[in-house]
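Hi everyone, thanks for coming. Let me put the structure up on the screen, and then I'll walk you through a few of its parts.

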Amino acid sequence: MILFWGGLESVQAQYFWNTDFEYGVYKSQPRKWAIEGEGEKFTAYLDSAVSKSGNKSLFMSLTNAETYTILTIPGELISGKTFSIRGSIKAQQADSLQLQLIIFDPAEGNVLASANQEVIPNNWQVASLKTSLKEGYKTDNVLIALVASGSGSFWFDSVQIKIGGKVFGEDSPDFREPTEDEIALLNERAIPFAMNNQEQQKRSELVGLSEIVEGARLVALGENSHGSSSIYKLKLRMLQYLVEKEGFSVFALEMPAIEAEYINDYVQNGRGDIDQVLTKLTYPSWQTQEMIDIVEWMKHYNEQHNNSVEFRGYDMQNGWSALGAVKEFAASHDSVALAELEVISDLYEKSLEMRQIKDSLVEKSEAMLRYLSQKSFDGVSLDRVETINHYMNIFMQSLAFHFQLEQAKSRDEYMAENIRWIVENTPETSRMIISADNTHITKTGGKTGAFLNRWYGKDYVSFGFTYKTGTYSAYGPKSFYEVHPPYIGTYEYFFSKSKHENFLLDLRQVKNIPLLNQRAGFRSIGSRPQEVTQFYEIDIKKHFDVVVYLETSSHTSYLKEN
């Protein structure tokens, strides 16, 4: 399933959810609703020619694709209540089209209810779904989603949402122009910086960072897309400042831990070369000049300052490399463990097809983790043994996640656990910079940042990055994609009214700007092209401590063919 935002919102007096699709924005996209998708091809727009009620409907067309049309509902509204959605669907071409309504809790990654919907060409059909949530059920928000897959086209219209038997979402529109007072307060609180001045000036301009991160041990730098060169150039400046001025000594990237250890060896000891580093930057999003610049600066800094900065990874998706690292260790230190690890490797390669083998794989892997955690090795430091245990645990995380085992946790929770392991296995004086997507470092829902915020409190500071205009790169056929302009009802639209083109805004220090105290759209792109909708409704103060706003984004270019 495509990644959903986690954790929103404060309850407000009125609820406008554009349930009749009468209000549109750029490229005739519906307000309040977010549309995600992947596959060969899909399009979506508001259609003024066909409607069930009112003047417009949402039209969607898919070719071997899967899409999610998503509306966010505040979780505080639904505890102990019946919760229902109904709408009208009319298929133009059924082909292989399949439709499903779901109610989803992004914090836990759980589908709370689902229902397949009939697809009949040329006739309006009622689609509906109803569930009840127990008293005391807690979540920041739930998502209603119409899931479409396959090939075909259809209209969606006349949605009605009931909570506890009462209709919600049909109040007056809740978007407006910012007032002069709000813009003046924004200008007063914003900490401006320039993007194109001299190198030394660049760092000195970020002096406001010191006050923002005062005393924090973990500083998370987000990104609303993985393909913005502008964001990564700024991240390098922030890394330089935090290392040189604030004594940060760990840079942790959203990438597999084992591959990051090879890069750390290059950064700290000069082993290998930059071409090998590029292959270890596993995800194409990181195989860019901007990431190489970060790695090379860290290496140069260490050459001048006695290996004082580390490069770490905390993702768990590549279990195979974690298992390989454990095998490499066992080959030198424990022949009995090596023999059993070879059996585990063989079972892992075969387990995709056979449930019986999968069960045996899990059993043997758990036994190996227990064995390693209880054993000491002659001539091997305790730190190294702890690291090998950590790698075996990462393999177990990957196993549970990819095979959807009963005990599996979310990827975000596993990443949070791996960051906590790094914290616990570095000196107490170490301070860490975490780099990941905005949707991971957010402080709400079941996301990585939410766990870190719960565990570390004020020692965790999250920076959400966004921009107004420009281009970005993504996993798709084009070399770059368009940044959609912000519109009234998005935070970016408000930020664009500032006299400062680029700025930091500490949301913890801003209490009297009404537009920042209510839900609004916030740009979210990630690694895939988002050519339909780019904005999701969030309560920005619950997500981030600080916003980093850029006037313009330029796209990265991949250095390696993928």
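Look at D412, E413, M415, A416, E417, I419, R420 and V423 in helix α12: these meet T448, F451, L452, W455 and Y456 in helix α14. By contact I mean heavy atoms within 4.5 Å. Sorted by class, this contact of α12 with α14 has eight nonpolar, one polar and four charged residues. For those classes, Ala, Val, Leu, Ile, Met, Phe, Trp, Tyr, Cys and Pro count as nonpolar, Asp, Glu, Lys and Arg as charged, and the others, Gly among them, as polar.

A quick word on what you are seeing. This is a predicted model, where local features need pLDDT of at least 70 and side-chain atom pairs count only at pLDDT 80 or more, while totals for chains, interfaces and linings use all residues. Residues are numbered from 1 along each chain as its sequence is written, and side-chain values use heavy atoms, with hydrogens and water left out. Helices (H or I, at least four residues) and strands (E, at least two) are DSSP runs, numbered from the N terminus.

Back to our pair. Helix α12 covers residues 411-424 and α14 covers residues 448-456; they pack at an angle of about 45°, with axes 7 Å apart. Axes are lines fitted to C-alpha atoms, for helices over the stretch in contact, and angles run from 0 to 180 degrees between N-to-C directions. The two helices are therefore oblique to each other. On that scale, under 35 degrees is roughly parallel, over 145 roughly antiparallel, 65 to 115 roughly perpendicular, and the rest oblique.

So how does α11 lie against α12? Helix α11 (residues 382-402) and α12 have axes that come within 11 Å and cross at roughly 175°, which means α11 is roughly antiparallel to α12. On the α11 side, the contact includes E386, H390 and F401, and on the α12 side, R411, Y414 and W421 are among the residues involved.

Now for some strands. From β16 (residues 503-506), F503 and L505 point one way, L504 and D506 point the other way, and all are buried, that is, under 20% relative accessible area, with exposed over 50% and partly exposed in between (1.4 Å probe, protein chains only). Which strands pair with β16? Strand β9 (residues 191-192) does, antiparallel over two bridges, and I191 has L504 as its bridge partner. Strand β19 (residues 546-553) also runs antiparallel to β16, joined by four bridges, with Y549 partnering F503. Pairing here takes at least two DSSP bridges between two strands.
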